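Dear colleague,

I am handing over a structure that will be new to you, and my notes on it follow below. Please read them with the model open beside you.

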Amino acid sequence: MSKEFKMFPAAYELAKEVHKNQKRWDNKTPYMFHIDGVIANVKDIAPLTEDLDVLLTVAALHDAHEDHRDVSFEYIEGVLRTSYRDWE
């Protein structure tokens with residue numbers, strides 16, 4: 001995919017950090033396998049539009065606050081704003 005993304009790379013790195021010690025229901029599989037699966041599904045069904053960056057960002061972070069209440073929405077917004085600003 002040749003499209004450049006503004007927020008998704010930062011969102012993915014944040015997801016990796018947030019879920020780094022988390023496992024799936026089997027207590028063996030890294031939780032990022034789930035996140036990667038959601039991202040792959042979004043890539044498969046979403047057209048290459050300007051909104052794809054947003055869709056992939058949401059896919060990467062969809063469990064961040066739910067699973068880790070210490071990761072606030074304000075913190076996530078700050079990471080994404082910085083990423084977006086640095087990209088421009």
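Helices here are DSSP runs of H or I with at least four residues, numbered from the N terminus. This is a predicted model, in which local features need pLDDT of at least 70 and side-chain atom pairs count only at pLDDT 80 or more, while totals for chains, interfaces and linings use all residues. Residues are numbered from 1 along each chain as its sequence is written, and side-chain values use heavy atoms, with hydrogens and water left out.

Salt bridges (a side-chain nitrogen of Lys or Arg within 4 Å of a carboxyl oxygen of Asp or Glu) come to three by this rule. In one of them Lys 16 pairs with Glu 13, with the closest N and O atoms 3.1 Å apart; both residues lie in helix 1, three residues apart, which is about one turn of the helix.

In helix 5 (residues 73-87), Arg 81 and Glu 77 are four residues apart, about one helical turn, and their side chains form a salt bridge at 2.7 Å, N to O. Arg 81 counts as exposed at 52% relative accessibility, whereas Glu 77 is partly exposed at 38%.

Methods: Helix = DSSP H or I, 4+ residues; strand = E, 2+ residues; numbered from the N terminus. Buried < 20%, exposed > 50% of the residue type's maximum accessible area, 1.4 Å probe, protein only.
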